[in-house]
Amino acid sequence: MNALPRPTELLAFFADTSFLNTNSAPYIELLADQYDTDPSTLPEEWRHALGHLATRPPPAALAATMVSHTAPAADPLSLRDTVRARALVNAYRTRGHFHARLDPLGLTTGQDRQELDHQGHGFTDADLDRTIFVGGVFGQERMTLRALQDALRERYCGTIGYETMHIADPAQRQWLQARIEGGAPLGTLGADEKRQVLRMLVEVKGYERYLDKKFVGTTRFGLDGAEATIPALEAIIQRAAQHGVTDVVLGMPHRGRLNVLSQVLRKPHRAIFHEFKGGSFIPDEVEGSGDVKYHLGASADREFDGRAVHLSLTANPSHLEIVDPVVLGKARAKQDFSGDVIDRSSVLPLLIHGDAAFAGQGVVAESLALSGLKGYRTGGSVHFIVNNQIGFTADPAYSRSSPYPSDLAKMVDAPIFHVNGDDPEAVIAVSRLALEYRQVFGKPVVIDMFCFRFYGHNEGDEPAFTQPLMYKAIRQHPSTLEVYAERLQAEGLVTPDELEAMKVAWVAYLDTEFDASVSYRPHKADWLDGRWEGLSALRNDEGSETGMDPVALSALGDALTTLPEGFRAHPTVQRFLDTRKKALAEGAGIDWSTAEALALGSLVGEGMRIRMTGQDTERGTFSQRHAVLIDQETGMRHVPMAGIATGRASFEVVNSLLSEEAVLAFEYGYTLAEPHALVLWEAQFGDFANGAQVVFDQFLSSGERKWLRMSGLVCLLPHGLDGQGPEHSSARLERFLQSSAEDNWQIANCTTPANYFHILRRQVRRDFRKPLILMTPKSLLRHRRAKSTFEELGPGTSFQPVLRDDAEMPGRTTVALLPDGDINRVILCSGKVYYDLLDEREKLGRNDVYLLRLEELYPFPEDEVRQVMARFPAAEWMWVQEESKNMGAWSYIAPLLLETQQAIGAGAGLRYVGRAASASPAVGLPTQHKAQLARFLAEAFAADVTE
């Protein structure tokens, strides 16, 4: 067997393989020795590669495979130089960023440069002026070693550091290399552009100083030390406009928000000054609780080179990166509405991050994980990290376990551009490159701008408590404006007098705006503009009648249960369809999933867009939905609902990744941009909502009051104690009820398929939008009593917030109730426990106990409850729930029922019956569960009930 090439030659042969570099040499040599001994012990790909090389007589004939361009015939010395030069190039491409001049403060030092020096690759100083064949690097066939090394240092170790070699796709790597190494160095601007950048820095820095002077000690989370952020965002948006982007959806943390609002979104400075003085951003005629200045969003239309771009900055809470998936969802909705569903290039998600938050907040990883998934793609997002090199008070050693905060983005092969924030031209260059990459490849890209934070966490914080050395360096460091102004003065592009004139003019303008803020009043709320036009800010019952003609329901049922010819469904699924078809043909026995299918299918048929996501949502956690059918022979997918769509309607059901926080926030963001779609998120089990609690607390429950932003999102949370242990029993109903106020959302716990059908249709037929939190069932999905008829779905029917006793419906129970005046007890309840009570009453034959269900818990249906309860003036009132006393609805419902009693002057007290208070939502053993159930059911029907 011919001797194999040694490691350096193998590395050259695999020059386009990103995972190999000079450090791989010992491993490759081991593989080569192993191949010489026994090729069968190697993986197939290495046997193929090494065998391919082994058939070539080294070295001359092998040279063509060792470089990207075919080298002319050469002696062994030239071939050796070429191989070494290629290894040197790869070293710079792979490791050059570690040696770039990134830190404006100079506190971080690069690693040992030996890995990038020519001596480390087998060259000597005597070789520096020898011409070497480099095969197309920097557009050259041949270069001297000195020229090659100088060019590599300039491109890879200047104020920009590139991380691209981790990208698996060679086309993407080569595209980036061509732009990094080809033509003039990135960051070359014309004279007019440079003066424009200087003017931006004057305004950014001047605005921060003006605020600091006018509002001493007031928290503003300024951009001091990171002023190049604004030129970067302007560059991204301008280049986006040139590439056909019509909408940019921004999300960002507190830091720099006021400057972004004013300089990028052109929010009037007088409006911001008005808010600093205690004024509200909410017009007088609009109710709302408001929020602090650095949480607020805004929107604006800008024009760049004659191209209009709509900008919207999404409001967000202090939970930092939680806004990321909200922005992605908004962008996805805008793309869907505009019809940009292939490239998804017309709407750009642009996200600004802090360094510690990007590395530390798990929702960033979840958001990146969404980027390539069906149902969540947005054509790539541009991420801009304002790398202050500190998080709150902690340095990076306490904030992350990797060299850079951006390392997380490598999980999706995103290119990462590190850049020194004191070089605005370099910042602009990588910003433009990032946007172009996104437009070409439709994938995320990250800019990591090294800068610093002039003040502490806020303007009143003392950072030297914990970072004395860093802040000693910061106090001695000139601002980005000063650094860049000195650079342009040296280039002869601006004089000190011109610079001073810029500053004076800017302060004069701010003085004018400051004076105008005294009389400024917000005159218009934009929350019902655009796609929201025609919707109301007030709740009303118009559109609440949601019944359908039985003939239409029957036709819809046929479409939902008819398979394509030759389609081979799973036998169990086929039985499921046959059962559904039979129920629809009879117009009776409509179960939960069939009612859902009819509701969604009817809306799709009426031209509505439906989007339903969640873990295993296509099939349903409990195999109850089967919205997507799979041919058992071919794997072909069939979506019955899709064939019903008319006009611009669509039905999109998506199995999400195993995440709650990012996915729910994504769907919330979708509803912010598209009110005319029914968007549903389903938790696999209700308690999984715990993982997304911040979305419920900070967005869904309070977003309308804080930011004047409505949402019609539906959350389906499987809930109910079925003896399966503490996990997956409770959706924590009590938490949602505790947050209910000011008409902020709706909370329901339906017990009939008909009511489920109506509440889904009602959600988008009314002319206002509120989030809907639905406690959905598990055991009721197939419960013998939880069935409905076409009559309950028919014309004139609607959602019933209160459902009366089934004993008042012919044929529903075996108990005939006594006249109203003889009813001794009214049991009020909600959810699945109703059927437990119904079965127990039949078993006992009790005809003096009335069962009343509250289907909608918030808003509390006071009028409906009064109407029913007034029928039983002498009856005892009892609230029964299956959840523990400190959970469920009891704490919320008790004062409301007592107020109702007092209002109608009826009832003999209010008693609680159910499980005792507990730390865990449910017991762990089925036997314990059954014993508890039997105990409180017996108590509910006992002749005498005591506390």
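A pocket, for this tour, is an open set of points on a 1 Å grid over the protein atoms alone, with protein on both sides within 12 Å along at least five of seven lines; its lining residues have an atom within 4 Å of a point. Grid points are joined across faces, edges and corners, and a volume is the space filled by probe spheres set on the points.

Before you start clicking, note that this is a predicted model, in which local features need pLDDT of at least 70 and side-chain atom pairs count only at pLDDT 80 or more, while totals for chains, interfaces and linings use all residues. Residues are numbered from 1 along each chain as its sequence is written, and side-chain values use heavy atoms, with hydrogens and water left out.

**Stop 1: the second largest pocket**

Select S798, F799, Q800, P801 and V802, the residues that lie nearest the centre of the second largest pocket. This pocket has a volume of about 860 Å³, and 35 residues line it. Now colour α26 (753–765), β19 (802–803) and α29 (862–869), each of which supplies at least two residues of the lining. The largest share, five residues, comes from α29.

**Stop 2**

**Stop 3: the seven-stranded sheet**

Next, show the open sheet of seven strands, ordered β14-β11-β15-β16-β18-β17-β22 with mixed pairing. β14 (650–655) and β22 (856–858) stand at the edges with a single partner strand each, so one side of each is left without a neighbour in the sheet. From one strand to the next, the twist averages 20 degrees; the angles run from 0 to 180 degrees between N-to-C directions, with axes that are lines fitted to C-alpha atoms. Two strands count as paired if DSSP finds at least two bridges between them. Strands of a sheet pair through backbone hydrogen bonds, either parallel or antiparallel.

**Stop 4: the loops around β17**

Move on to N749, in the loop between β17 and α26. Is N749 buried or exposed? N749 is buried, with a relative accessible area of 6%; buried means under 20%, exposed over 50% and partly exposed in between, using a 1.4 Å probe and protein chains only. Draw a distance from N749 to L717: these residues are 32 apart along the chain, and their C-alpha atoms are separated by 9.8 Å.

Now select D743, in the loop between α25 and β17. D743 has a positive phi of about 55 degrees although it is not a glycine, and at 23% relative accessibility it counts as partly exposed. H728, in the loop between β16 (714–718) and α25 (733–738), is another non-glycine with a positive phi, about 65 degrees. H728 is partly exposed, with a relative accessible area of 26%.

**Stop 5: the eight-stranded sheet**

Select the open sheet of eight strands, in the order β3-β9-β10-β8-β7-β4-β6-β5 with mixed pairing. Its edge strands are β3 (160–163) and β5 (298–304), each pairing on one side only.

Focus on β7 (residues 347–354), where eight of eight residues are buried. V347, P349, L351 and H353 point one way, and L348, L350, I352 and G354 the other. β7 pairs with β4 (residues 247–251) in the parallel sense over five bridges, and five bridges also join β7 to β8 (residues 382–387), again running parallel. Click on L351: G251 stands opposite L351, and in β8 its bridge partner is H383. The partner of I352 in β8 is F384.

**Stop 6: helix α21**

Finish at α21 (residues 592–605), whose 14 residues should span 20 Å at 1.5 Å a residue; the end C-alpha atoms are 20 Å apart, which agrees. The expected span is 1.5 Å times one less than the number of residues. Of the 14 residues, 13 are buried, so α21 is largely enclosed by the rest of the structure. Just after α21, look for G607, which takes a positive phi of about 95 degrees.

Conventions: Helices (H or I, at least four residues) and strands (E, at least two) are DSSP runs, numbered from the N terminus. On a 1 Å grid over the protein atoms alone, a cavity is a set of points where a 1.4 Å probe fits but cannot get out, and a pocket is an open set with protein on both sides within 12 Å along at least five of seven lines; lining residues have an atom within 4 Å of a point.
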